[in-house]
Number of protein chains: 2
Amino acid sequence: MASPATAAVENLPQVLLLLHPAAFTIFGEEHFTSPKFRFLKAYESSLPLDEFLAANARSVRALLVSAATVVGAGILDLLPELRVIVTTSAGLDQLDLAECRRRGIRIASAGDIYSADVADCAVGLLIDVLRKISASNRYVKNGFWATKGDYPLGSKQLRGKRIGIVGLGRIGLQVAKRLQQGFGCTVSYNSRKKKNPDQVPYPFYQDVRELAANSDALILCCGLTEQTRHAVDKEVLAALGKAGVIVNVARGAVVDEKEMVRCLVEGEIAGAGLDVFEDEPVVPKELMELDNVVLSPHSAVLTRESMMELARLVVGNLEAFFSNEPLLSEYEDD
Amino acid sequence: MASPATAAVENLPQVLLLLHPAAFTIFGEEHFTSPKFRFLKAYESSLPLDEFLAANARSVRALLVSAATVVGAGILDLLPELRVIVTTSAGLDQLDLAECRRRGIRIASAGDIYSADVADCAVGLLIDVLRKISASNRYVKNGFWATKGDYPLGSKQLRGKRIGIVGLGRIGLQVAKRLQQGFGCTVSYNSRKKKNPDQVPYPFYQDVRELAANSDALILCCGLTEQTRHAVDKEVLAALGKAGVIVNVARGAVVDEKEMVRCLVEGEIAGAGLDVFEDEPVVPKELMELDNVVLSPHSAVLTRESMMELARLVVGNLEAFFSNEPLLSEYEDD
């Protein structure tokens, strides 16, 4: 017979998990628990997902997902009582937003908590590529400074560089602020629509190719949508040119990765700082050997501080939902 | 018999070089030549330096030096007509300034041309250490992301970090601006004297140890003087503590390097980003193996743009001197 404590836990509302969230591995599941709900972990069952959901999740009202958990109509059909999806990601490209809207399912995302960290990472990758920090670190650590002499001149100054930001949302705006105010770069941008010039003084380019032609570095900060998929294609890379640099902290598929790899290998662009890839965690092997390419493992959002804030927000959103209170970070379709 | 062209060159005033300047190797000697002077290269002679100077340099009025060329009373005694020293460095610690002053020798330094690049490099090293960019780049390039899974959480957010700047001159002020305005850090500083608080709003600490005790990262931007030599010693490192980070873009000897290496190896401080070392190009071998240490080969000033500006300034100062015009970047003792 269940103890009273166990019975009390069993009476808690359930939060469904389809895949093991990366944040549990990286930061620890204990930070995401609450006395007000319990997790129903589909990934711990040996049943096929549809059988598991049919048997266990027909009354589930809340779903917690990471960036990797793709949720389309097929899954939603198996969760007739679902009313809220809480994501550990800021991006929502893994969710079928139209289906969620049609079914009245609310969405709470990680909101703005990652923006500063992602912007910092974008700027860090840009400095690293232009100033060759990782490459010269390798040079010193391999002992070449003492044996081969000074590292060859190849660094470029940040001041005066023309930065093209693709996607001037919360992250893009923070990247713009750091680079223009802090480092003396000049910023232009492409976005779904032109911002109010009273609030956003940077020149707007309707066309990514034209932005690239007028930029020394393109920094990709947009969400992944059908419009932005492969927005940086062969023509854009050609417009960026031999001296141009790509920084991607958006999603791998915003770039035609195969084409970008070819351009990097053949010297048709000058370098890249990449936090995201089309087929993570698989990274094209050509990139591993290039000195002018700096890679990070989709870790732009991963600081201790942002993970603590994420845990607070995930637990807070779920507790608010079960208490019929306003969500802390509800996504509003625009 | 000399041709008229050769004779014309031979009549040009001479600029003495004691050592081969690194900028000639890195950027190319041709950028530093002028129709108004010619170089007298002591380093190309097989004679001992004193014999060479006694035989060839008694009438030399101008000397061009790099950071590596130590100039004291002994050398100056051999150059009785010397009236100007032009340096390719911003720092002047290689020169005996008191002796130069006593003999009425003017000094033209590289002035402010490197400040932005050095500040960029300091910020780049700080982001790299806090956000583990070089370390995670290695992780990805070694193929570990796909085989070992997510990179362990260890990155720290920049926002809110307490930055202690040692030496709030032109470089330190630019570091402060980038980090406080751009990244939301808070800045304090130590300097020879407190700045006017109307112009410099950051809190001042008279004592480096106290600054370290109130900082998450110390960024060293001061000149090397007898006062700043080993200013970051065992006590300062202990005050910085286990979570603290050192960034050094000043001179290696500002830190007690042996003690810093011990602290890094034993985990008594969290990490370091180092562009300078006590015995360059020799780098303590313990640093080569540490994942939390990012090294660059005294390359903070080395961008194409700053080298072009340096060449313009060196040639301009020497041409101005020989034309009895004001030097472009004369050092004023304060």
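Is E226(A) buried or exposed? In this predicted model, E226(A) is exposed, with a relative accessible area of 62%. The side chain of E226(A) meets that of R229(A) in a salt bridge, with an N to O distance of 3.6 Å.

Over all chains, the structure holds 36 salt bridges. One of them joins D216(A) to R162(A), with the closest N and O atoms 3.0 Å apart. This pair links distant parts of the chain, 54 residues apart: D216(A) is in the loop between α10 (208-213) and β8 (217-220) of chain A, and R162(A) is in strand β6 (residues 162-166) of chain A. Both ends of the pair are partly exposed, the relative accessible area being 21% for D216(A) and 35% for R162(A). In chain B, a salt bridge of 2.9 Å, N to O, is formed by the side chains of E266(B) and R262(B). R262(B) counts as partly exposed, at 26% relative accessibility. In chain A, D77(A), E99(A), R102(A) and R103(A) are joined into one network by salt bridges that share partners.

Salt bridges also occur across the interface, where the count between chain A and chain B is two. K161(B) forms a salt bridge with E305(A), and the closest N and O atoms of this pair are 2.8 Å apart. The size of an interface is often given as the accessible area lost when the parts come together. For chain A and chain B, the area buried between them is about 5100 Å², of which 60% is on carbon and sulfur atoms. In chain A, the residues that lose the most area to chain B are K141(A), W145(A) and L153(A), which together account for 16% of what that side buries. In terms of contacts, 61 residues of chain A meet 61 residues of chain B.

Aromatic contacts were examined next. A pair of aromatic rings is described by the distance of the centres and the angle of the planes. A search of the whole structure finds 21 aromatic pairs over all chains. Among them is the tilted pair of F24(A) and F39(A), with 5.5 Å centre to centre and 55° between the planes. F24(A) lies in helix α2 (residues 22-27) of chain A and F39(A) in strand β2 (residues 38-41) of chain A, so this pair ties together parts that are 15 residues apart in sequence. Both residues count as buried, F24(A) at 5% relative accessibility and F39(A) at 16%.

A further tilted pair is formed by F37(A) and F322(A), at 6.3 Å centre to centre with 40° between the planes. Here F37(A) lies in the loop between α2 and β2 of chain A, while F322(A) lies in helix α14 (residues 304-322) of chain A, so the pair ties together parts that are 285 residues apart in sequence. F37(A) is buried, with a relative accessible area of 3%, and F322(A) counts as buried at 19%.

In chain A, K148(A) lies over the face of F144(A), at 4.0 Å from the ring centre. In chain B, K148(B) lies over the face of F144(B), likewise at 4.0 Å from the ring centre.

In chain B, helix α14 (residues 304-322) has 19 residues, which at 1.5 Å a residue should span 27 Å. The end C-alpha atoms of this helix are 27 Å apart, in agreement with that value. Just after α14(B), a positive phi of about 55° is taken by N324(B).

Strand β6 (residues 162-166) of chain B contains G164(B). This glycine is buried, with a relative accessible area of 0%. When residues up to four places away in sequence are not counted, G164(B) touches S188(B), L211(B), S215(B), A217(B), L218(B) and I219(B). G164(B) and N214(B) are 50 residues apart in sequence, and their C-alpha atoms are 7.7 Å apart in space.

Notes: Residues are numbered from 1 along each chain as its sequence is written. Chains are lettered from A and ligands numbered from 1 in the order in which they are written. This is a predicted model: local features need pLDDT of at least 70, side-chain atom pairs count only at pLDDT 80 or more; totals for chains, interfaces and linings use all residues. Side-chain values use heavy atoms; hydrogens and water are left out. Rings of Phe, Tyr and Trp (its six-membered ring) pair if their centres lie within 6.5 Å; planes under 30 degrees apart count as stacked, over 60 as edge-to-face and the rest as tilted. Helices (H or I, at least four residues) and strands (E, at least two) are DSSP runs, numbered from the N terminus. Buried means under 20% relative accessible area, exposed over 50%, partly exposed in between (1.4 Å probe, protein chains only). A charge sits over a ring if NZ of Lys or CZ of Arg is within 6 Å of the ring centre and within 35 degrees of the ring normal. The expected span of a helix is 1.5 Å times one less than its number of residues. Contact means heavy atoms within 4.5 Å. Buried area is the accessible area (1.4 Å probe) that two parts lose on being put together, summed over both. A salt bridge is a side-chain nitrogen of Lys or Arg within 4 Å of a carboxyl oxygen of Asp or Glu.
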